[in-house]
Amino acid sequence: MKHLLSIEDLGRGGIEEVLRLTDKFVEVSERAIPKVPALRGKTVVSLFYEDSTRTRLSFETAAKRLSADTMTFSVSSSSVNKGESLRDTVETIEAMGIDAVVVRHRSAGVPWRIAEWIDASVINGGDGWHQHPTQALLDCYTIRSRFAAARDPGGGPAFGGLRIAIVGDIKHSRVARSDVQAFAALGAEVVLVAPPTLLPPSLEGWPVTVAPDLDEVLGSLDVVYLLRLQRERMTEALIPSLREYRTRYGLTAGRVGRLRSDALVMHPGPMNRGVEIDAEVADDPRSVITAQVSNGVAVRMAVLFLLLGSGSEIVSTPLDRPVPVAVGDLA
Ligand code: NCD
């Protein structure tokens, strides 16, 4: 595998391979010094044309824990503001000698174009409304570590029998598109819960059912996955008001009481507390939102290792033994 552009590229086998490898990197992340030399000498660039907190920091942390060098491209302080094209920017960065680019862009398809232009590996960090494959992988890993591993003594991702609802702004969500493909590929049943205005115009080919009413499905769910209302992508008024939205589709403190005690509450972040999720619900014991973030680093280590680490040792050389340094050595 050279690039990671969409969940479809991976299929069930590829998803399972990433999840298995992630176990090893979770173990690395728990060490006193969470770092291995696997990607020493490799350079990973984050090329983010859209805002991001967790995805960019997560990829950069993952690359550093694998001992790769990292470069960060920030649009607001780059020559993009002097009119440089995407292709010229990407080719300029590649000429510096890089091994992988993590791309986020507001237009769907940009990572595919970049993969045609350069030799380095391309990882899709989110393209428009289209795909966000590493988010889906970290979501699968989080669900698997809470449920499926317990059900399947072999540790495989036995998602069969899990009922997962994705709630909210599905229309504008690349997370929903990647998650639906990944959850369904692993065998889960996926239910979409949203007002009709926040569903895509056609769901043909989506392996899902639709439930208009959150209260109807709540008690039957293993996972409730909430999405942010992506107002920056809305060109028209699609909901009457935020209050009305919260009343009908928000995971309020009242609603969360009707969830099963072992159900999971998930959200990709950034959250709008008080809109799709009540402030106290985000901190409920059933919420695994911070576990999603921690797992994200290990999942991205697994992805970077799969793309760039051929031939290198994974984790056989722990760096967590303190090396004694004499004061004189530092002089
Ligand atoms: C999401 C994104 O940017 O696609 N966040 C993320 O990557 N964790 C979801 C969002 O913006 O609502």
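## Cavities and their linings

Arg54, Thr55, Ser58, Gln135, Leu138, His267, Pro268, Ile289, Gln292, Val293 and Arg300 line the largest cavity. A cavity here is a set of points on a 1 Å grid over the protein atoms alone where a 1.4 Å probe fits but cannot get out, and lining residues have an atom within 4 Å of a point. The model is predicted: local features need pLDDT of at least 70, side-chain atom pairs count only at pLDDT 80 or more, and totals for chains, interfaces and linings use all residues. Residues are numbered from 1 along each chain as its sequence is written, and side-chain values use heavy atoms, without hydrogens and water.

Helix 11 gives the most to the lining of the largest cavity, with four residues; helices are DSSP runs (H or I, at least four residues) and strands likewise (E, at least two), numbered from the N terminus. Domain 1 (7-132 + 292-308) and domain 2 (133-288) both contribute lining residues, so the largest cavity lies between them. These domain bounds come from an automatic or database domain assignment.

The second largest cavity is lined by Val44, Val45, Ser46, Phe59, Glu60, Thr70, Met71 and Val102. Strand 1 gives the most to this lining, with three residues.

| Cavity | Volume |
|---|---|
| Largest cavity | about 80 Å³ |
| Second largest cavity | about 30 Å³ |

Each volume is the space filled by probe spheres set on the points, with grid points joined across faces, edges and corners.

The charged end of Arg300 sits over the ring of Phe59, 4.9 Å from the ring centre (CZ of Arg or NZ of Lys within 6 Å of the centre and within 35 degrees of the ring normal).

Conventions
1 Å grid on protein atoms, 1.4 Å probe; cavity = no way out; pocket = protein on both sides within 12 Å on 5 of 7 lines; lining within 4 Å.
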